[in-house]
Amino acid sequence: MTWLEAIVLGLVQGLTEFLPVSSSGHLRITSAIFFGRDAGASFTAVTQLGTEAAVLIYFAKDIWRIVRTWCVGLVDRSVRSSLDYRMGWYVIVGTIPIGIFGLIFKDQIRTAGRNLWLISCTLILGAVLLAFAEYWGRQTRTLENFRMRDGVIMGFAQAAALVPGVSRSGGTLTAGLLLNLTRETAARYSFLLAIPAVVISGVFSLPDVFEPSAPGTAAPSVAQMVVATLIAFVVGYAAIAWLLRYVAHHTLYVFVLYRVALGSLVICLLATGTLSAT
């Protein structure tokens, strides 16, 4: 991997991780168009450690409060009705689907799941579902109204993002809106829900990231991996603040249009032979 490649992909990861546009899909597309190869699923997983570090810092007070209350609630019944205690369980239970499917389909995610035809189609399909959710969702429910059912459904939506192009935040936002949650509520839970899955995935991918998993796959050096992850952290932190402000006052249709445009562009490039699907 070249230094330019590492820096560009770190920027792309930070910019797109929290937007409903699929960071893994963007890394795959960016690698194919500008560098003629695939950085690999492990590179994506490890750079996500940078963006999740941004989440940990941005929501540090909330996370500490939830963790502390959940631990106390294990032995003290008086706090079990609190939102923080329940939120601890919502995140734990919501993480289970992506853990199970990630283990079952690990090999497919690293190989067939990175096909550009699949990614372009899932970008467009995800856009249609997001538009439907934005249009039909009543957005009347806040975190105080959040229930275990919501956590489970959004957990399965997060698991769908194991396929590049679906988008973890896009899937969870879509599910949240269909559950009549406000955009900000769905986004906040989405940030919290991602922490266990992304951190575990990134840590387990560390041994694989420095060795190509397939012919034509770029392998970064340790220094390049560190720099890419740090860039993803800095840019990702800014993206969190921006997205929370944006969803509080705007619809998600701009992301719908962007996904359709990008997916259509990739399909055209593939159809004309400009890009190779694998």
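Modeller: Helices here are DSSP runs of H or I with at least four residues, and strands are runs of E with at least two. The model is predicted. On those terms, the span of residues 256-277 is 73% helix and 0% strand, and its end C-alpha atoms lie 23 Å apart.

Colleague: What are the helix and strand percentages of residues 222-244?

Modeller: Residues 222-244 are 100% helix and 0% strand, with 33 Å between the end C-alpha atoms.

Colleague: How many helices and strands does the protein chain have?

Modeller: The protein chain has 12 helices and 0 strands. Read from the N terminus, its elements run α-α-α-α-α-α-α-α-α-α-α-α.

Colleague: How do you know what radius of gyration to set against that of the protein chain?

Modeller: A compact globule of 278 residues would have a radius of gyration near 19 Å; the protein chain has 18 Å, and therefore the value agrees. The C-alpha atoms fill a box of roughly 60 × 40 × 35 Å along the principal axes. Of the 278 residues, 52% count as buried. Among contacts between residues at least 6 apart in sequence, 79% join residues at least 24 apart.

Colleague: Why are α4 and α5 called roughly perpendicular?

Modeller: Helix α4 (residues 60-73) and helix α5 (residues 83-104) pack at an angle of about 95 degrees, with their axes 7 Å apart. Angles of 65 to 115 degrees count as roughly perpendicular, and α4 and α5 are therefore described in that way. On the α4 side, the contact is made by R65, I66, T69, W70 and G73; on the α5 side, by D84, Y85, M87, G88, W89 and I92. By class, this contact has 6 nonpolar, 3 polar and 2 charged residues.

Colleague: What makes L74 buried, partly exposed or exposed?

Modeller: L74 lies in the loop between α4 and α5. Partly exposed covers what falls between the 20% limit for buried and the 50% limit for exposed. The relative accessible area of L74 is 41%, so L74 is partly exposed. Beyond its neighbours within four places in sequence, L74 is in contact with R80, Y85 and W89.

Colleague: Is I153 buried or partly exposed, and what value decides the matter?

Modeller: I153, in helix α8, has a relative accessible area of 35% and is therefore partly exposed. Setting aside neighbours within four places in sequence, I153 is in contact with A175 and L179. I153 and A175 are 22 residues apart in sequence, and their C-alpha atoms are 7.0 Å apart.

Colleague: Why is the phi of S167 worth a remark?

Modeller: Most residues other than glycine have a negative phi. S167 is not a glycine, yet its phi is positive, at about 85 degrees. S167 lies in the loop between α8 (148-160) and α9 (168-178). Its relative accessible area is 3%, so S167 is buried.

Colleague: What is the phi of N180?

Modeller: N180 has a positive phi of about 70 degrees, although it is not a glycine. N180 is placed in the loop between α9 and α10 (183-209). Buried means under 20% relative accessible area; N180 has 13% and is therefore buried.

Key
Residues numbered from 1 in each chain as written. Predicted model: local features only at pLDDT ≥ 70, side-chain atom pairs only at ≥ 80, totals over all residues. Heavy atoms only, no water. Axes fitted to C-alpha atoms, helices over the stretch in contact; angles between N-to-C directions. Parallel < 35°, antiparallel > 145°, perpendicular 65-115°, else oblique. Contact = heavy atoms within 4.5 Å. Nonpolar A, V, L, I, M, F, W, Y, C, P; charged D, E, K, R; others polar. Rg over C-alpha atoms; globule rule 2.2 N^0.38 Å. Buried < 20%, exposed > 50% of the residue type's maximum accessible area, 1.4 Å probe, protein only.
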